[in-house]
Amino acid sequence: MPKKTAILAGIRLEENEQEFSAAMEETASLCHACGIEVVSRITQASRSPDPETAFRRGKFHELCAMAKELDVDLIIFHNPLRIIVAQRISAEAGVNVIDRTALILDIFADRARSRQAKLQVELARLQYDLPRVLQSSADESGHERGGSAYNRGAGEMRSSLVQRRYSQRMAQLKKEIEKIKKQKYQDERRRTRTMMRRAALIGYTNAGKSSLMNAMIEMGEGQGKHVYEEDMLFATLDTSVRMIPWASRKFLLYDTVGFVSDLPHTLVDAFQATLDAARDADLLIHVIDGSDPQWQRKADISEDTLKQIGAGDIPVMRVFTKSDLMEEIPDDGMIHVSSLTRAGMDQMMDTVLERLYPDESRIRCLVPYDKMSAVSEYRSVLLMKTIEETEEGVIFEISGPSRYTDAFRSMRI
């Protein structure tokens, strides 16, 4: 199936040229992720978008002429557009016009696999569309009614019906999402009973989270099914979880949906359940593409988004990925790894364990045979070395976090 073609349009408002170029490049990558080929770009620096046509008059005519000459399928604006403005541009240029938010929603709709993700995408789409549909309805009724009080009431009734229909569906979606969250909460409670600590991979989209997760799965004796990975923005939307064994310890590792600049509030709101993994983690592993010149800006965006979703107080460990693409790895005391070559992975895994299981203590104890169930219960979080089997029970040398070794202090010898 041939790709759709598009002109990418953008208005530089308060950003400097470098920031604006990076943001436009990201929107072009979003187009690629949606299977759209950007055949041309057009930009304008302005203090504010034109309220009628987004671009100022001369640039607007240039855009329309370009669309007709190149015979594109779409015009995609990097900036958010009011529905009436998009309609004006579309009518003049003869092609469909969408903005960056609509583009992200299309990507999310295409990538959603689980029922939860699909419901959340639909909710986000309705939240995005409702004010636009109401505005369109109001504009239509305004043209129809003139000064007639009768028509004015009919237009308001139409808008009220539209709003009621959307609101009812959104309420139903929220109810279904909440039901799935409760089921997941039960699953999490079962996982919590294992007492394993939880780490979540977070970071900017396409920073290499899924690749790092697969590398960690392989480092942990190759246990667990790999997660999907591709060099593309928003390659995965659904949260994945794997158990990672390392150095006689185990922990649960979660992959989460990637962040992006100016993430639409509708998506932040709708994906609260998907981002529960980040909010409930004991440690956030912030994955940063070390080969990206814009890494600092993207890292700041990711950490700001963490605050938005209520995860700003969770300990964060920064990990710079893609060191194999860097000419020189900086001596900055940070963790630099390559998911491809495994360089730096041992240090990173050790550091994760140190952060997840601090305050190590070591005791020797005699566990009676009728208490051996405690050994099975704590084995995933404690290193338990068998020293000797006696008539009264088994002597173990136990090391691990104090809060877990305390369970054996009454058996200490």
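User: Leaving aside its neighbours within four places in sequence, which residues is histidine 78 in contact with?

Analyst: A quick note before the answer: this is a predicted model, in which local features need pLDDT of at least 70 and side-chain atom pairs count only at pLDDT 80 or more, while totals for chains, interfaces and linings use all residues. Residues are numbered from 1 along each chain as its sequence is written, and side-chain values use heavy atoms, with hydrogens and water left out. With neighbours within four places in sequence left aside, histidine 78 is in contact with Leu8, Ala9, Gly10, Phe20, Ala23, Met24, Thr27 and Arg100. Histidine 78 sits in the loop between E3 and helix H3 (83-93). Helices (H or I, at least four residues) and strands (E, at least two) are DSSP runs, numbered from the N terminus.

User: What joins the side chains of histidine 78 and threonine 27?

Analyst: A polar contact of 2.8 Å does. The term asks for a pair of N or O atoms within 3.5 Å; within protein, one must be able to donate a hydrogen and the other to accept it, and residues adjacent in sequence count only if both atoms are side-chain atoms. Thr27 is also one of the buried residues of H1, among them Phe20, Ala23 and Met24.

User: How do you know what span helix H1 should have?

Analyst: The expected span of a helix is 1.5 Å times one less than its number of residues. For the 17 residues of H1 (residues 17-33) that gives 24 Å, and the end C-alpha atoms are 24 Å apart, which agrees. After H1 comes glycine 35, whose phi is positive, near 75 degrees.

User: What do the buried residues of H1 pack against?

Analyst: They pack against strand E1 (4-12), strand E2 (36-45), strand E3 (74-77), helix H4 (100-111) and helix H10 (295-308).

User: What makes E2 and strand E4 (96-99) the edges of their sheet?

Analyst: Two strands pair if DSSP finds at least two bridges between them. Four strands form this open sheet, in the order E2-E1-E3-E4, with parallel pairing. E2 and E4 each have a single partner strand, so one side of each is left without a neighbour in the sheet. Neighbouring strands here are turned by 25 degrees against each other on average, direction ignored. The bridge counts meet the rule: E1 and E2 pair over nine bridges, E1 and E3 over four, and E3 and E4 over four. For landmarks, alanine 9 stands opposite isoleucine 42 in E2, the partner of alanine 6 in E3 is leucine 74, and phenylalanine 77 has aspartate 99 in E4 as its bridge partner.

User: Which residues point one way from E3, and which the other way?

Analyst: Leu74 and Ile76 point one way, Ile75 and Phe77 the other, and all are buried. In a regular strand the side chains alternate between the two faces of the sheet.

User: What makes lysine 322 and aspartate 289 a salt bridge?

Analyst: A salt bridge is a side-chain nitrogen of Lys or Arg within 4 Å of a carboxyl oxygen of Asp or Glu. The closest N and O atoms of lysine 322 and aspartate 289 are 3.4 Å apart, which puts the pair inside that limit. The two residues are 33 residues apart in the chain, with lysine 322 in the loop between strand E9 (316-321) and strand E10 (335-336), and aspartate 289 in strand E8 (residues 283-289). At 14% relative accessibility, aspartate 289 counts as buried. By this rule the model has 17 salt bridges, including the one between aspartate 292 and lysine 298 at 2.7 Å, N to O.

Definitions and conventions: Buried means under 20% relative accessible area, exposed over 50%, partly exposed in between (1.4 Å probe, protein chains only). Contact means heavy atoms within 4.5 Å. Axes are lines fitted to C-alpha atoms, for helices over the stretch in contact, and angles run from 0 to 180 degrees between N-to-C directions.
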